[in-house]
Amino acid sequence: MPAPSARPDRPDRPNTDLRTSELRADAIGAESISANDVGGVLAALRERAPLVHCLTNVVVAQWTANLLLAVGASPIMVDNPHEAAPMAAAADAVLVNLGTPSDETVAAMLLAVAAATSAATPWVLDPVGAGALSWRTRTAERLLAPTTPDRSAPTILRGNASEILALAGGAGGKGVDATHSPEAALPAAIALAREHGCVVAISGEVDHLTDGERVVRVANGHPLLTRVTGVGCALGALMAACCAVTPDALLAAVTATATLTVAAETAANASAGPGSFAVALLDALAAIEPDGLVDRVRLA
Amino acid sequence: MPAPSARPDRPDRPNTDLRTSELRADAIGAESISANDVGGVLAALRERAPLVHCLTNVVVAQWTANLLLAVGASPIMVDNPHEAAPMAAAADAVLVNLGTPSDETVAAMLLAVAAATSAATPWVLDPVGAGALSWRTRTAERLLAPTTPDRSAPTILRGNASEILALAGGAGGKGVDATHSPEAALPAAIALAREHGCVVAISGEVDHLTDGERVVRVANGHPLLTRVTGVGCALGALMAACCAVTPDALLAAVTATATLTVAAETAANASAGPGSFAVALLDALAAIEPDGLVDRVRLA
Amino acid sequence: MPAPSARPDRPDRPNTDLRTSELRADAIGAESISANDVGGVLAALRERAPLVHCLTNVVVAQWTANLLLAVGASPIMVDNPHEAAPMAAAADAVLVNLGTPSDETVAAMLLAVAAATSAATPWVLDPVGAGALSWRTRTAERLLAPTTPDRSAPTILRGNASEILALAGGAGGKGVDATHSPEAALPAAIALAREHGCVVAISGEVDHLTDGERVVRVANGHPLLTRVTGVGCALGALMAACCAVTPDALLAAVTATATLTVAAETAANASAGPGSFAVALLDALAAIEPDGLVDRVRLA
């Protein structure tokens, strides 16, 4: 799996002079990602069933594994320091999620990222709660901007608006809930994408995603997504799965977002509340076909 | 958030001469909590969406978060020693649940309780398995009756009859299942409530709750509640959420119990077994309205 | 609870000269286990509600507990070193599952096995991921073939074909998914059963189970079982529960397998995908009766 093309450039273009206040989203060239591209990545995911090594939090581990299985990927949850490196080296993609970090799991995360870097395996960082808690923010920063050459920046950084703003130097949110809109965080996301040579995905009512050059908005979804814990966390895992089947990390992030949010619309129609919605979401993810995704995804 | 009025008195009234054998439940003045009061707390919970910091066990963490989200609260699960104190200080209420304790999470719990004490934030202790395992019993006792001034007793102590009896010096139960009736544990609960200046809630077929002066029984519920893991654990989290919106901790505990058990009756009608019941319970908790709760709760 | 009769013989019959290549499955005497026997064990499980101490992984802990509760057993999840030994000593059966091991939980597992050995309590080993990761493989080997007299071999070793082959000295699999068929792993299973004096159960499209003399195949099940995380892990817990109510460990393993896979057939008929299947599986496990199991199980 080739690393995203932007990554090798990162050390040579720190862009530390970029500040979110200096950027305007509409100034960015919106090189197109089409609905057909998105459908193609979902088809590839189904065909290849990539092995996704998840170092995630204890709250959402089962949900994440079930969501990956439903959509057709192959999850494996390993977060001890003995096994994190060999597992990451063997996986097709790696997810690092900071939902319930401990000294031991953070050590495993650092080892997994080093192994993924060495193997040129894509990895996704989900900095849950960054900005709200200082130890976690520092841990997220350490993972996002590695100070040692054995670790690369993530292929995709995925969070809500508050987390993205916090990592760009802005103010944090209340707990893990976003208190800012994705639109408000887009300049920060673009700056982070350029600084670290990664894709940045901001979830919200309309998801905003950027690789620092292109900006894609995905306007699917349903309010019930906010009433089930771990949907964002599982989205990060799905982004990792998509990274394993396309070298275009922005397309991977968009496909994961589109697949999850289009399936959520199907699930909401079959639900009486957040409990049945979560169940129906897994069913919808198993049933969604590339053609249906192409028809229903709303990209902007 | 004001601390429950009983708490400041605790150091001045150890009441160590109180023994459960000397108490008669029917001798306690039953100052009334009305169904309307209960409906009012649920309305306030929906309006304020309190942030509930949960230090809970790995078995029920997802379920607890989903249940709080369903009912309208805002859960955050943080149980590492680096973050437990700042998270508790920022939260509207704290849950400490001993379901799967480790040295690290117990350290985090002690830090969280100290931070909650300092911020006068209400906190709930759920001593899962107390009486059945000696290390856990000692840990529960350490949290219930702090020996250092930086930590207060819990606002609410919530358990089954066996756990409450064990903490009052009686015999423990089989694993985490109650082998005693709530009625049999009521004198012990009253004694504990007086000794520690807290509310004590005993779950069972009829839930019994007391602040040492008032006794309230909630007679809603369904046998399927015993076939789903973590219902009691999630009830503790819901009590914490209610504590964040009323200074009357007994009313908070009663509201949480009533909301969960009335919703369980709705869910049981829509279920084919324990799997679909758990799903329907989340739907019912999202749908239950204060008026419906007032109509259906059975207080005694 | 009597230990399986084969266990006391283990030290006297190391059979280290047995190699999988020397065995032919059809050469083994197939002493019969009947459908009626299986129904009898399910009836006993329902009547006695055995306490099953689970040291399992964080991904499937809730699911495992809910599955045991649904079928009528009494789960307790304790995996810290302070409490593992007393809990195992008090339980009717113990499950050790290596899905997400850490130094701390492995220490707890070793203590639990020693306590189970001392109390002659049956225990089940599920070596999740053995063969795929070297630390885990060594841990599984250490649990399977204890080098100190305080720990016995497991009553049942349960895994997929790749895990069983790996523990018998063969090649490992890709992550936690089986890449070999149960039939191909049967000679290895028979060799392991003889070497360690335990039952070996291989899950797959047709489950293969052996105590080294008898071989039983269970041909029930549904492909959706592979789309839900932790079904195999929960099967190990159900085997432990069955071990608590019959001294014939092969019959226990067969009953657990039959109960789960027959219930899966019921659940698949009521499902729209993997999400609703998992929910329906719990409902079906609560509803299945011994008579229905006897009628529907397909043993060979």
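A salt bridge is a side-chain nitrogen of Lys or Arg within 4 Å of a carboxyl oxygen of Asp or Glu.

## The model

This is a predicted model, in which local features need pLDDT of at least 70 and side-chain atom pairs count only at pLDDT 80 or more, while totals for chains, interfaces and linings use all residues. Residues are numbered from 1 along each chain as its sequence is written, chains are lettered from A and ligands numbered from 1 in the order in which they are written, and side-chain values use heavy atoms, with hydrogens and water left out.

## Where chain B meets chain C

Between chain B and chain C the count is 1 salt bridge. E83(C) forms a salt bridge with R136(B), and their closest N and O atoms are 2.6 Å apart. Three elements of chain B each give two or more residues to the side that touches chain C: α2 (61-71), α5 (134-144) and α10 (274-287). Of the elements, α10(B) gives the most, with 4 residues. Helices (H or I, at least four residues) and strands (E, at least two) are DSSP runs, numbered from the N terminus. The residues on this side of chain B divide into 11 nonpolar, 10 polar and 5 charged. Here Ala, Val, Leu, Ile, Met, Phe, Trp, Tyr, Cys and Pro count as nonpolar, Asp, Glu, Lys and Arg as charged, and the others, Gly among them, as polar.

The contact (heavy atoms within 4.5 Å) takes 26 residues from chain B and 26 residues from chain C. Together the two chains bury about 2000 Å², 58% of it on carbon and sulfur atoms. V59(B), L133(B) and R227(B) supply 26% of the area that chain B buries against chain C, more than any other three residues. Buried area is the accessible area (1.4 Å probe) that two parts lose on being put together, summed over both.

For "binding site", an unreviewed UniProt entry lists R158(A) and S203(A). They span 46 residues in sequence, yet no two of their C-alpha atoms are more than 7.6 Å apart, so they gather at one spot. UniProt positions are given in the numbering used here, feature names are shortened, and annotations may be inferred rather than shown by experiment.

R158(A) is found in strand β5 (residues 156-160), and S203(A) lies in strand β6 (residues 199-203). R158(A) counts as buried at 5% relative accessibility, and S203(A) counts as buried at 19%. Buried means under 20% relative accessible area, exposed over 50%, partly exposed in between (1.4 Å probe, protein chains only). The side chains of S203(A) and R158(A) make a polar contact (3.2 Å). A polar contact is a pair of N or O atoms within 3.5 Å; within protein, one must be able to donate a hydrogen and the other to accept it, and residues adjacent in sequence count only if both atoms are side-chain atoms.

M77(A) lies in strand β2 (residues 74-77) and is buried, with a relative accessible area of 11%. Not counting residues up to four places away in sequence, M77(A) touches residues including C54(A), T56(A), V59(C), G99(C) and T100(C).

G230(A) sits in the loop between β8 (215-218) and α8 (231-243) of chain A. G230(A) is buried too, with a relative accessible area of 10%. With residues up to four places away in sequence left out, G230(A) touches V60(A) and W63(A).
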